[in-house]
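Reader: I would like to learn how to read strands and sheets in a model. Can we work through one together?

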Amino acid sequence: MPPKIVTFTGVSGSGKSTIVKELLQESDHFRLITSTTTRPPRSSDLPGEYEYWTPEQMEEDASLFIWKTEYVGHQYGTRYRVLNDAFVSPPTSLMILVPEVLPVLLHHYGSYVLPLYVRAPPEDLLRVRLLRRGDNPESIEQRLQTIPNWERQATEWKIPYRMITNNGTIDEVVKQVKRELERYVSSTS
């Protein structure tokens, strides 16, 4: 049986949204889980990836969230209702997550979750990706400084990540994801 939720974790610009977008376009076997954020929309955001709330709304409705976290000055969270809806729907749900919230998801949904970690490409390529999507130079530098911490956490935390490398074409990385999905299915059969 395929996983109910496939998560994608990695630094900004590692290609998580591009991979998810490609999977969604390629097959109706996938759907996107909507998260909530206080940051402004970006042109690179996927349709339905986020609902945009004010910080006041997130504080006022804090009990609606399975988790909330802050990253680079903005709040992010996922509501219980959204996850429960995803869990009972037929397609596999895709989700982009920061590392510190993945243990919460694994605690609630355990073996129904396939966590993937998208390793950062070389810094020069990552910088170009971040510039292309409209990040300002200060934000880019902040994000680049987080890479060593994220990569270390990915290997040190007790999260059963399956590693994906995004240094080639989108077709190559999507094939890696599909291989990991096949391995998941064969290991749970």
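Author: We can; note that this is a predicted model.

Reader: Which residue of β6 does T36 stand opposite?

Author: T36 faces G77 in β6.

Reader: What is the strand order of the sheet?

Author: The order is β4-β3-β6-β5, in an open sheet of 4 strands with mixed pairing. β4 (50–52) and β5 (65–71) are at the edges with a single partner strand each, so one side of each has no neighbour in the sheet. On average, neighbouring strands are turned by 25 degrees against each other, direction ignored.

Reader: Which helix packs on this sheet, and which strands does the helix touch?

Author: Helix α3 (residues 80–88) packs there, touching β5 and β6, and its direction makes about 45 degrees with that of β6.

Reader: Now β1. Where do its side chains point, and are they buried or exposed?

Author: The general idea is that side chains in a regular strand alternate between the two faces of the sheet. In β1, I5, T7 and T9 point one way, while V6 and F8 point the other way. All of these are buried, and strand β1 (residues 5–9) is mostly covered, with 5 of its 5 residues buried.

Reader: How many bridges join β1 to β7, and how many join β1 to β8?

Author: With strand β7 (residues 92–96), β1 pairs in the parallel sense over 4 bridges; V6 has L94 as its bridge partner in β7. With strand β8 (residues 113–119), β1 also runs parallel, joined by 5 bridges. There, the bridge partner of I5 is V113.

How values were computed:
Residues numbered from 1 in each chain as written. Predicted model: local features only at pLDDT ≥ 70, side-chain atom pairs only at ≥ 80, totals over all residues. Heavy atoms only, no water. Buried < 20%, exposed > 50% of the residue type's maximum accessible area, 1.4 Å probe, protein only. Helix = DSSP H or I, 4+ residues; strand = E, 2+ residues; numbered from the N terminus. Pairing = 2+ DSSP bridges. Axes fitted to C-alpha atoms, helices over the stretch in contact; angles between N-to-C directions. Contact = heavy atoms within 4.5 Å.
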